[in-house]
Amino acid sequence: SIYVFLLLLAWYGHLAAKEVARADSLFEEVSAAAVRGYMGGAAAGVKAVAFGPTRRKKSKGFRSAVDDLCSRLGEGGGISTDPAASDQKDAKLDVVAWTPFPDGRRGKLVMFGQCATGKNWNAKVTELQPESFCKLWLREVPQITPGKLFFVPFTISDKGWNIAISRAGIVFDRCRIAAHAADIPAPIVKKCRLWTRAVLARHVLP
């Protein structure tokens with residue numbers, strides 16, 4: 001189950017079976033599926049992509065990845081002319097979700113998300129700033145600033161919940177991700193299963 005994958009990821013870390021799969025990339029794919037489900041699902045036209053894994057799989061640099069994202073979004077006008085863009089990996093952006101209108105025009109619900117798999121996740125809650133990302137890296141700043149999402153494979157106690165959401169935006173912890181990540185592509189599900197089995201065999205099962 002996806003819940004077990006998330007549990008093992010939280011407990012043993014993303015390097016627990018690195019020879020099988022990049023669990024951090026898998027987590028970003030699962031997170032994209034979770035926010036897509038939360039926003040209404042693919043059947044309702046919701047789009048969600050894992051920005052980092054998509055860029056890595058296609059061997060894209062940050063510039064071309066942002067250009068491609070803006071083309072899909074119909075927002076942003078492409079990568080900015082800032083020379084520092086060449087030095088960026090993902091600029092803390094891991095997941096992008098949006099709900100397009102049939103007219104294809106600008107001005108839609110767009111969400112930017114960051115994923116954190118390490119136990120120091122609470123030190124990362126303010127790293128992604130959608131407004132700053134748009135001003136720095138997009139040629140045309142969207143009229144409607146994207147919302148903010150944060151994904152962790154951990155559970156967050158009630159004691160720390162208000163602090164987390166006040167800093168990180170809409171937070172998806174392990175339970176929320178597992179509840180909404182129903183529409184995961186089959187290849188990602190297979191990789192999660194293989195990684196889970198490898199971790200169980202190495203660390204849990206006798």
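Predicted model: local features only at pLDDT ≥ 70, side-chain atom pairs only at ≥ 80, totals over all residues.
Visitor: Which pattern does the chain follow along the sequence?
Guide: Residues are numbered from 1 along each chain, and side-chain values use heavy atoms, without hydrogens or water. The secondary structure comes to 8 helices and 5 strands, where helices (H or I, at least four residues) and strands (E, at least two) are DSSP runs numbered from the N terminus. The pattern reads α-α-β-α-α-β-β-α-β-α-β-α-α.

Visitor: How are the rings of F112 and F133 paired?
Guide: Rings of Phe, Tyr and Trp (its six-membered ring) pair if their centres lie within 6.5 Å; planes under 30 degrees apart are stacked, over 60 edge-to-face and the rest tilted. Here the centres are 5.4 Å apart and the planes stand at 80°, so the pair is edge-to-face.

Visitor: Where do F112 and F133 lie?
Guide: The two residues are 21 residues apart, so to speak of the pair is to link distant parts of the chain. F112 is in strand β3 (residues 109–115) and F133 in helix α5 (residues 130–137).

Visitor: Is F112 buried or exposed?
Guide: Buried means under 20% relative accessible area, exposed over 50%, and partly exposed in between (1.4 Å probe, protein chains only). F112 has a relative accessible area of 3%, so F112 is buried.
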